[in-house]
Every structure is written in structure tokens, then in C-alpha cells.
Protein chains: 2
Amino acid sequence: MELWFTENQTENVKFSMKVKGHVFSGKSDFQKIDIIDTYEFGRVLVIDGWTMVTEKDEFIYHEMITHVALGVNPNIKRALVIGGGDGGTVRELTGFPTIEEIHMVEIDPVVVQASKDYLSYTSCKLNDPRVTVYYEDGIKYIKDKENYYDLIIVDSTDPIGPGEGLFSEAFYNDCYKALTEEGIMVNQCESPYYPNNAREMKRAYNKIGKIFPICKAYQYNMPTYASGHWLFGFASKKYDPINDFKGFKFKEKLENTKYYNEEIHKGAFALPNYVLKQLEK
Amino acid sequence: MELWFTENQTENVKFSMKVKGHVFSGKSDFQKIDIIDTYEFGRVLVIDGWTMVTEKDEFIYHEMITHVALGVNPNIKRALVIGGGDGGTVRELTGFPTIEEIHMVEIDPVVVQASKDYLSYTSCKLNDPRVTVYYEDGIKYIKDKENYYDLIIVDSTDPIGPGEGLFSEAFYNDCYKALTEEGIMVNQCESPYYPNNAREMKRAYNKIGKIFPICKAYQYNMPTYASGHWLFGFASKKYDPINDFKGFKFKEKLENTKYYNEEIHKGAFALPNYVLKQLEK
């Protein structure tokens, strides 16, 4: 018998991967969590029917959500990850020796436990001594923080279910407040291609643009996400991602990247006209 | 009843689009040609079960296969398109007033006729007075041409079936000979993500690199092709695609592009490390 997992990328588009086995299935207070083993993509984390992380291409997402900010400010010391329960973003941050403190705020302990049990490729650095995991709602966590973090990464699911509040203006305001003067915020900013994703991309980008003096978007190729064409937002209090790019200090780190490099850093901010048009104020 | 068309992107990956109707079905001496009307992507051309062109995103492919060369040499006068029977590449070329002669060599008249009948969005400029269509094998056509074309675009299907010879060293050699000293060749160069595509990408790129003094690759996001992450090859006798980029002369043309712009021109040549590694000699 053949097993296939199918993601309904839109009402009219399906993406299917052939499955070796269903490794984990759980339901938390927030969402349905599944881990499958697939022929093409290795182990895959699926939340509420949406592909979150695959062993084959998670490096693209996780390098791009972290390295761009570190290329602009190589002196980041205190980093906050909101969401990202699989641990991949934290794993990348631990690779930078200058970072002293990594806080991860994940609302759902079931995601973290399942990742620790079955996705060692992303969760492998959650025990790094610089890492503290808080099982809390990121929206509440951030409220009383002030001038503390040099970097906030909003590593959220789509703005439905528990991820919804992480796309709100009040939340972005709190992130601004929680950042130092050197502060950078990077957020999962959806995709320009299918209308449902594009609507959320525009909304998030516009909200952030009202709060942060510098607000840009950069793209990456993520084959297992709908359309493969996805964006991160880059917002900061004073650094421009291109003009203030320092050239990469961590040569050793850079030799080990599989996606990110200096050319990609700059090239990723070059957006197609149809995307620019959607992001116009 | 729901109708779905499914492309088997690999043995273990399927991509499916919901279909309104089956508009055309034909079999030529070379291949099976279908045109479907879909909810998400509009009219779609399918050859031997592979998605070739969709109404929603063909602009990405066709702008990127043409504009990059024109940005480097805005004085291109004679252009040859090998393959490209849907007419989209020719349509883009006719938008440049400096081009005097456009030859399209397509082996399969059934593709061209079906495109004329059902895909007016790509075939709309095949009657431009500067365009001549030859129904011939591109491999034979190119053999006796010398120092004639300023631009050759190899707009081929994958290297299986009739497209196979368009990935051979002998063919690239003939293209080199057919080009003027200002000559540029752009070719459909597959994708780095799935192993089958990546193997062909590497082979084509290595062959071209042996013949042309300048051989580069640039990427574009094509959501309806497997993985969404695809490359074109840029080969030339003397022009470097970045250092010799002229800044775009055709401002009016450029205002109408939906994907290509000057930043994209440069950014597209920034390739991820895992792609660069595959392209190393």
C-alpha cells in the first residue's frame, strides 16, 4: 500500500509527498501535530495539515531567518525567538559565538517535545547553555520587555490559529519596545504568489512599516512551502540591511552554510516587480 | 465531479491543480500535447504530462529568459529562439524595438498551432513582421549558421524526448559558431533541488563552460515548476552579465515588466551555496 500526505496549498492546488511511515501524531491545546517520514524530504513536521519543516530543505528557512540579521549586526548578544518550537532557528543562532543569550518563547510544549524526540536535526541545540525555553504566549511574554534584545525573530506559523496574534500591530509595537537601539526584528512574512498568503504578507509588512523606521523584505526559495517563493521581513531601528551590511565576520561559520552567502544576502532583497507592487504603501 | 491534473514531479512528489475543463488534446510525431483550463493558474500547456506554461506565472519564465541578455547588450538585432513553441519568448523579444529579426525554430507544429488556437496570451506576437517561424529540428537548423545571431535562446523542454539533443555539447558548439562576437546564449538550465533535475543542470552547465569563455547561471522563482527554484544559463563570448550590465535602456519596456527589474538582474546571479557547489567544475 502506498501512503501519501497531501497539503491543500490552496482550494485548487495540492502538494503530495510519498510517506514511509507516520512517526508521531499528537494534539495539543493549540493544534494538531504530526511527524511523518517521507521518501523525498526525510522527516517532516506537519501542524494542522501544513508542512512546517522538512529534513531536506529546512536549512534554507533557518539560515535565512538568522544569518541576514547577523550579517548586518555581527555584535548581537541577546536574541529572542518567538515560536520556532522545532528548534531550527535556535540551532542556527547557537552557531554564532558572539551571541550570549538566546530566549525561545514557544506556546506549545508538545511541538518542542515532539521535535526533541523525532527531529534531532533541528532540536539538537536546545540544550546549549545559552538557550532558555519559555513555554508561554509570545504576545504576553514580550509585553513587559524593554530595551533588552538586539534581535527578535518571529518564527511563526501562518496567521491562523495560535500564530494569529503574532501578526498584529500591538505585537509589533511591543517588539519595537523590547529591542535595543541596535535592534533588528526578522519575521516570517508569508508569500506573494497565492492570494491568501499575499494578503497576509501585505498586512504584516504594512503594519511593521508604520512602526519601524527601516522596514524591508527579502526572499528565499523554499520548495516545500506553497509556491516555493517566500519572504522574511527585516525591520530595524537604524540599520539598513544592504547599506549597513558589514561583510560577514564569521568566516568559519559562513563556510558551513548551505544556502546563505554574501551575494545571497544582497540578492535576496531584490524583489520582482509584482512583489514590490504588493508591498507599496 | 472534480477534475484534477497531477504532475509527478518526482517518483515521490506530486503537484495537482483543479481543472475546469480539458481544452485540447493532441499527439504529434514528437509528444503528447494537452491544454487545460484550471481554477488557480488559468490556461495551462502540458507536454508529455509536464507543465510547460501557465497563464498565471509564465511572465516570470518569459521575462527572465529574455530581459537579462537585453540588459547586457541592448543592441541585439538578430535573435534566434530554439523551441519555445508557445510563443512567450518571442512575445517578449518583440517588445524590444531594437531587435530587427526574430527566428523561432520549433520542431513541433502541433505545439505552435495549439498555442495559436488556445494560448493567445503567449502566442499573440507570432505574427509580428519581424518574426519567422521554422518548423525544423533546432539541432540541424543551427549547423550551417555562422557569426549571425546576437542572441540565441534555448527555450527547451527537459532533456528527455525531443529536447534531449538541445542539451548536447555538439549543439552548444554550433550555437557558439552561430553567434556574433557580441553573442549571448541563454538556455533553460533545469533546477538544483530534485536530483533528476540537478543532474541535468550540472551536465548542461559544465558542457557550456567548456565552450564559452563566460558561463554563468541565474535563478528565478517559478511556482508551477517542480521545487519552484529554476535556473537559466547565461553564456557569452565577451560580456559578463553583471560587470557589463548597461543599466536598462528600455525604460518604457521596463515599466511594464511584472518580474524583471534592475535589482533582480543582479540579484538573480546570487546563488545559494548548495547550488554553487553543484556548479563547481
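**Figure 1. What covers the buried residues of helix α3 in chain A of this predicted model**. The elements that cover the buried residues of α3(A) include β2 (13-27), β3 (32-38), β4 (42-47), β7 and α4 (120-123) of chain A, where helices (H or I, at least four residues) and strands (E, at least two) are DSSP runs numbered from the N terminus. The buried residues of this helix are A:Val111, A:Val112, A:Ala114 and A:Ser115, and buried means under 20% relative accessible area, exposed over 50% and partly exposed in between, with a 1.4 Å probe and protein chains only. Seen down the axis of α3(A), these buried residues fall within an arc of 165 degrees, so they line one face of the helix; the arc is taken from the directions that run from the helix axis to the C-beta atoms. An α-helix has 3.6 residues a turn, so residues three or four places apart point the same way. At the start of α3(A), a side-chain oxygen of A:Asp108 comes to within 3.0 Å of the backbone nitrogen of A:Val110.

Because this is a predicted model, local features need pLDDT of at least 70 and side-chain atom pairs count only at pLDDT 80 or more, while totals for chains, interfaces and linings use all residues. Residues are numbered from 1 along each chain as its sequence is written, chains are lettered from A and ligands numbered from 1 in the order in which they are written, and side-chain values use heavy atoms, with hydrogens and water left out.

**Figure 2. A:Glu106, a buried residue without a salt bridge**. A:Glu106 lies in the loop between β7 (101-105) and α3 (109-118) of chain A. The nearest side chain of opposite charge, A:Lys116, is 12 Å away, where Lys and Arg count as positive, Asp and Glu as negative, and His and the chain ends are not counted; a salt bridge would require a side-chain nitrogen of Lys or Arg within 4 Å of a carboxyl oxygen of Asp or Glu. Residues up to four places away in sequence not counted, A:Glu106 touches A:Gly83, A:Gly84, A:Gly85, A:Val112, A:Tyr134, A:Tyr135 and A:Glu136, contact meaning heavy atoms within 4.5 Å.

Figure 3. At 48% relative accessibility, B:Asn147 counts as partly exposed.

Figure 4. A:Phe24 and A:Tyr118 form a tilted pair, 5.7 Å centre to centre and with 35 degrees between the planes; rings of Phe, Tyr and Trp (its six-membered ring) pair if their centres lie within 6.5 Å, and planes under 30 degrees apart count as stacked, over 60 as edge-to-face and the rest as tilted. This pair links distant parts of the chain, with A:Phe24 in strand β2 and A:Tyr118 in helix α3 of chain A, 94 residues apart. A:Phe24 is buried, with a relative accessible area of 19%, whereas A:Tyr118, at 28% relative accessibility, counts as partly exposed.

How values were computed. A polar contact is a pair of N or O atoms within 3.5 Å; within protein, one must be able to donate a hydrogen and the other to accept it, and residues adjacent in sequence count only if both atoms are side-chain atoms.
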